[in-house]
Structure formats: C-alpha cells, structure tokens
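Here are my notes on this one, point by point. Have a look at the fold first, then read on.

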Amino acid sequence: MRAFYDRSHALLFGSLAEGFGLPVLEAASQRMAVLARDTAVAREILGEDGFYFTDRIDLAAGIEALEVPGRREAEQARMAGLKWYRWATVVERVTRDILRGHGYRAQGAGLLAGAAREAVGPGTGTVSVPS
C-alpha cells in the first residue's frame with residue numbers, strides 16, 4: 001500500500017456513505033492531500049479546513065486548487081499535524097460500549113468523549129499502512 005501512496009498525487013475520497021473513513025486516515029498518515037466528498041465522517045477526520053466537494057463542479061475546483069503551486073505541499077503539511085485517536089483507545093471504548101447492551105450505548109461522538117487525540121502517522125498507534 002505504501003508504494004501506491006508514494007506514487008500518488010492525492011486521495012480522492014468519493015464515498016457517499018462511510019462508517020469510519022479509514023482510507024482518509026491512511027492517506028493522512030502518509031502526508032497525502034485528500035479531496036473528500038463533504039460527509040460527516042470526512043469532516044470529523046479532516047476538520048473544517050479539508051478539501052471537500054459535493055458535486056462535479058466542486059470536485060473540479062478542488063483538483064485545480066491542489067495544482068496551484070505550493071497548495072499541495074501546504075495540504076501535506078496540514079496532514080502532518082492531523083490528530084486522531086489511538087487504536088487501543090478506540091477498541092477499548094467500542095468493546096466496552098458493545099457490552100453495555102442495546103439501549104445503553106453511546107451515540108456518535110459520545111463514544112470517544114474525553115479521549116486524547118495524537119498525531120496520525122507511522123509508529124504512533126493511530127494508523128498503520130502496510131508496506
């Protein structure tokens with residue numbers, strides 16, 4: 001996978017319905033610019049400053065914006081500062097939530113409320129991209 005990221009210009013994440021958004025985190029961990037469909041999952045991961053599109057016109061504009069000299073590099077630098085939850089924390093919280101039983105489970109962001117975020121990248125415990 002890493003070889004694909006190394007040879008890619010950016011990740012185009014066009015999913016209409018996504019439960020988690022792992023490809024976005026993987027790309028961010030490789031300091032790759034991400035152009036994502038404007039969904040709650042993408043916004044939760046990339047924040048308000050991400051490159052988002054809702055239609056073909058937005059998509060074309062996003063691609064053109066990444067071609068402006070220095071813009072892709074700036075987006076890569078932003079990805080280097082992206083923070084997310086450690087996998088161990090996510091697994092522990094999800095497991096605990098499942099064991100609570102139906103009707104008592106956390107909803108949305110409440111599942112990870114209070115959990116610290118860390119830099120995304122190799123060796124951080126957040127995301128690991130296979131070689």
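**Notes on the model**

1. Among contacts in the protein between residues at least 6 apart in sequence, 55% join residues at least 24 apart; contact here means heavy atoms within 4.5 Å. Bear in mind that this is a predicted model, where local features need pLDDT of at least 70, side-chain atom pairs count only at pLDDT 80 or more, and totals for chains, interfaces and linings use all residues. Numbering starts from 1 along each chain as its sequence is written, and side-chain values use heavy atoms, with hydrogens and water left out.

2. On confidence: pLDDT (the predictor's confidence in each residue, from 0 to 100) averages 84 over the protein, and 89% of the residues score at least 70.

3. The protein has six helices and five strands, taken as DSSP runs (helices H or I, at least four residues; strands E, at least two) numbered from the N terminus. Their order from the N terminus is α-β-α-β-α-β-α-α-β-α-β.

4. Now the core. The largest nonpolar core has 23 residues, and Val34, Ala36, Ile45 and Leu46 have the most contacts inside it. Such a core is a set of buried Ala, Val, Leu, Ile, Met, Phe, Trp, Tyr and Cys residues joined through side-chain atoms within 4.5 Å; buried means under 20% relative accessible area, exposed over 50%, and partly exposed in between (1.4 Å probe, protein chains only). At least two residues of this core come from each of β1 (10-13), α2, β2, α3 and β4. A second, separate core of six residues includes Leu35, Phe51, Phe53 and Leu66.

5. Which residues does Ala36 touch, leaving aside its neighbours within four places in sequence? They are Phe13, Ala42, Leu46, Phe51, Tyr52 and Phe53.

6. Helix α5 (residues 71-80) buries Arg72, Glu75 and Met79. They cover an arc of only 60 degrees around the axis, which puts them on the same side of α5; the arc is that of the directions from the helix axis to the C-beta atoms. The buried residues of α5 pack against α2 (22-29), β2 (33-37), α3 (40-46), β3 (51-53) and α4 (56-67).

7. In α6, the buried residues include Val90, Arg93 and Asp97. Their arc is only 75 degrees around the axis, which puts them on the same side of α6, while Ala88, Val91 and Leu99 are exposed on the other side. The buried residues of α6 pack against β4 (83-85). Just after α6, Gly101 takes a positive phi of about 95 degrees.
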